[in-house]
Amino acid sequence: MSEPSVDRIVRRADAERLYEIRLDGRRVGLTAYRDRGTQRVFFHTEVDEAFTGQGLGAELVRWALLDVRESGQRIVAVCPYVAAYLKRHDEFADIADPVTPDVLHWLEGEPR
């Protein structure tokens with residue numbers, strides 16, 4: 001017996017400044033960002049509690065980081081989840097910038 005097919009989509013939602021993962025049309029996870037020049041600053045990631053433990057957060061963040069690479073931008077991981085992902089996946093080290101006090105100060109002044 002096979003499992004039912006689930007329509008899974010990961011996409012960038014520019015108007016909301018986030019990447020989202022959707023299952024059967026329902027958003028079940030997101031990673032939010034703000035752009036600072038050539039840097040995409042990730043500051044928050046969440047997955048709906050009903051869907052934790054399924055690897056959706058990792059899939060979402062990987063897709064987002066690949067998108068950042070393709071766009072020619074750099075990554076700043078203020079979000080602890082994105083920072084932990086980067087530590088486990090050094091293939092993104094070449095486009096990752098450190099979190100600095102300047103970045104944090106700038107992020108505090110940005111509307112969320």
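This is a predicted model: local features need pLDDT of at least 70, side-chain atom pairs count only at pLDDT 80 or more; totals for chains, interfaces and linings use all residues.

Residues are numbered from 1 along each chain as its sequence is written, and side-chain values use heavy atoms, with hydrogens and water left out.

Helices (H or I, at least four residues) and strands (E, at least two) are DSSP runs numbered from the N terminus. Two strands pair if DSSP finds at least two bridges between them. Six strands make an open sheet with the order 1-2-3-4-5-6 and mixed pairing. Strand 1 and strand 6 (96–97) are its edges, each pairing on one side only. Strand 1 (residues 8–13) runs antiparallel to strand 2, with six bridges between them, and Arg 11 is placed opposite Glu 20 of strand 2. These two strands form a hairpin with four residues between them, and in the turn Arg 17 has a positive phi of about 55°. Strand 2 also pairs with strand 3 in the antiparallel sense, again over six bridges; here Leu 18 faces Ala 32 of strand 3.

The core comes next. In soluble globular proteins, nonpolar side chains tend to be buried together. A nonpolar core is taken as a set of buried Ala, Val, Leu, Ile, Met, Phe, Trp, Tyr and Cys residues joined through side-chain atoms within 4.5 Å. Buried means under 20% relative accessible area, exposed over 50%, and partly exposed in between (1.4 Å probe, protein chains only). The largest such core holds 22 residues, and those with the most contacts inside it are Tyr 19, Phe 42, Leu 65, Ile 75, Val 82, Leu 86 and Phe 92. At least two residues each are supplied by strand 2 (18–23), strand 3 (26–36), helix 1 (56–71), strand 5 (74–77) and helix 2 (80–88). Helix 1 gives the largest share, six residues. A second, separate core has nine residues, including Ala 13, Leu 30, Val 76 and Val 103.

With contact meaning heavy atoms within 4.5 Å, and residues up to four places away in sequence not counted, Leu 65 touches Phe 42, Ile 75, Val 82, Tyr 85, Leu 86, Phe 92 and Ile 95. Ile 75 is in strand 5 and is buried, because its relative accessibility is 0%. Leaving aside neighbours within four places in sequence, Ile 75 has contacts that include Phe 42, Leu 65, Val 68, Leu 86 and Phe 92. The C-alpha atoms of Ile 75 and Arg 40 are 5.2 Å apart, although the two residues are separated by 35 residues along the chain.

Rings of Phe, Tyr and Trp (its six-membered ring) pair if their centres lie within 6.5 Å; planes under 30 degrees apart count as stacked, over 60 as edge-to-face and the rest as tilted. The whole structure contains five aromatic pairs. One of them, Tyr 19 with Trp 63, is edge-to-face, at 5.9 Å centre to centre and 70° between the planes. This pair links distant parts of the chain, since Tyr 19 is in strand 2 and Trp 63 in helix 1, 44 residues apart. Tyr 19 is buried at 0% relative accessibility, whereas Trp 63 is partly exposed at 34%. The rings of Tyr 85 and Phe 92 have centres 6.4 Å apart and planes at 45°, so this pair is tilted. Ring pairs also join Tyr 19, Tyr 33, Phe 42 and Trp 63 into a cluster.

Gln 39 lies in strand 4 (residues 39–47) and is buried, with a relative accessible area of 12%. A polar contact is a pair of N or O atoms within 3.5 Å; within protein, one must be able to donate a hydrogen and the other to accept it, and residues adjacent in sequence count only if both atoms are side-chain atoms. One of 2.8 Å joins the side chains of Gln 39 and Asp 97. Gln 73, in the loop between helix 1 and strand 5, is buried too, at 14% relative accessibility. Its side chain has polar contacts with the side chains of Arg 40, at 3.3 Å, and Ser 71, at 3.1 Å.
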